[in-house]
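Welcome! Open the structure in your viewer, keep the selection tool handy, and let's walk through it one stop at a time.

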Amino acid sequence: HRAKEKIMAERDTALSERDQMAENVKSLEEKQDMVVAQLDQANCEKANLDSRVNDLNKKINSLFYRVDSRRNLKKNGILYKKFLASTKMKDISPDNFDKSLDLTVNDQLVISADELGVEKIKKIVLFPKFHKKNNSYKVLITKNKKYALLTLDKEKFKSERVVIAVN
């Protein structure tokens, strides 16, 4: 009889241990699911931060510019000239610089007379005027005056906002 009670007690103990282990396994699986969810969230946040860093790097290494005919730039109030003074650029919103050039990839801009609605390109002027031709940039205009190649000093134009006036 004692042997039977002992066996029954051992069986009850084994069943209790089995149930406890099953609860432990379930608890560990829930913790694992929670850790996996946290890891997924962290990876998503990392991807967002990586994207943001790339965007910031692009902004830091890019030139933001607006190119148009001098006449249109004056008509739109971007450039102005007072009597007996040189032409100047107004303080304009960053939204007005509708194009960008990633200077890590390219340091040249091609300007087309046809795209700007002008017959010929006679002269290119950059505003603000502290960017000096043949120092900060070089201009090469084709013989037929239909295209101009603007070659920029990458270091001088990083994160800059420039208006390019075509005469």
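Start by selecting strand S8, residues 147-152, together with S5: the two run antiparallel and are joined by five bridges. Keep in mind as you look around that this is a predicted model. Within this pair, highlight Leu109, and you will find Leu150 of S8 standing opposite.

The three strands make an open sheet, ordered S5-S8-S7, with antiparallel pairing. At its edges are strand S5 (108-112) and strand S7 (137-141), each of which pairs on one side only. From one strand to the next, the twist averages 20°.

Which residues have the most contacts inside the largest nonpolar core? Select Ile111, Ile124, Leu150 and Ile164; the core they belong to has 21 residues. Two or more residues each come from strand S1 (62-69), S5, helix H3 (113-116), strand S6 (124-127), S8 and strand S9 (161-166). Apart from this core lies another one, of nine residues, including Leu73, Phe97, Phe127 and Val163.

Zoom in on Ile164 and show what surrounds it. Leaving aside residues up to four places away in sequence, Ile164 touches Leu109, Ile111, Ile124 and Leu150, among others. Its partners also include Tyr65, Val67, Leu73 and Asp68.

For the last stop, select Arg161 and Phe64. The charged end of Arg161 sits over the ring of Phe64, 5.1 Å from the ring's centre. How many aromatic pairs does a search of the whole structure find? The search finds zero.

Note on methods. Residues are numbered from 1 along each chain as its sequence is written. This is a predicted model: local features need pLDDT of at least 70, side-chain atom pairs count only at pLDDT 80 or more; totals for chains, interfaces and linings use all residues. Side-chain values use heavy atoms; hydrogens and water are left out. Rings of Phe, Tyr and Trp (its six-membered ring) pair if their centres lie within 6.5 Å; planes under 30 degrees apart count as stacked, over 60 as edge-to-face and the rest as tilted. A charge sits over a ring if NZ of Lys or CZ of Arg is within 6 Å of the ring centre and within 35 degrees of the ring normal. Two strands pair if DSSP finds at least two bridges between them. Helices (H or I, at least four residues) and strands (E, at least two) are DSSP runs, numbered from the N terminus. Axes are lines fitted to C-alpha atoms, for helices over the stretch in contact, and angles run from 0 to 180 degrees between N-to-C directions. A nonpolar core is a set of buried Ala, Val, Leu, Ile, Met, Phe, Trp, Tyr and Cys residues joined through side-chain atoms within 4.5 Å. Buried means under 20% relative accessible area, exposed over 50%, partly exposed in between (1.4 Å probe, protein chains only). Contact means heavy atoms within 4.5 Å.
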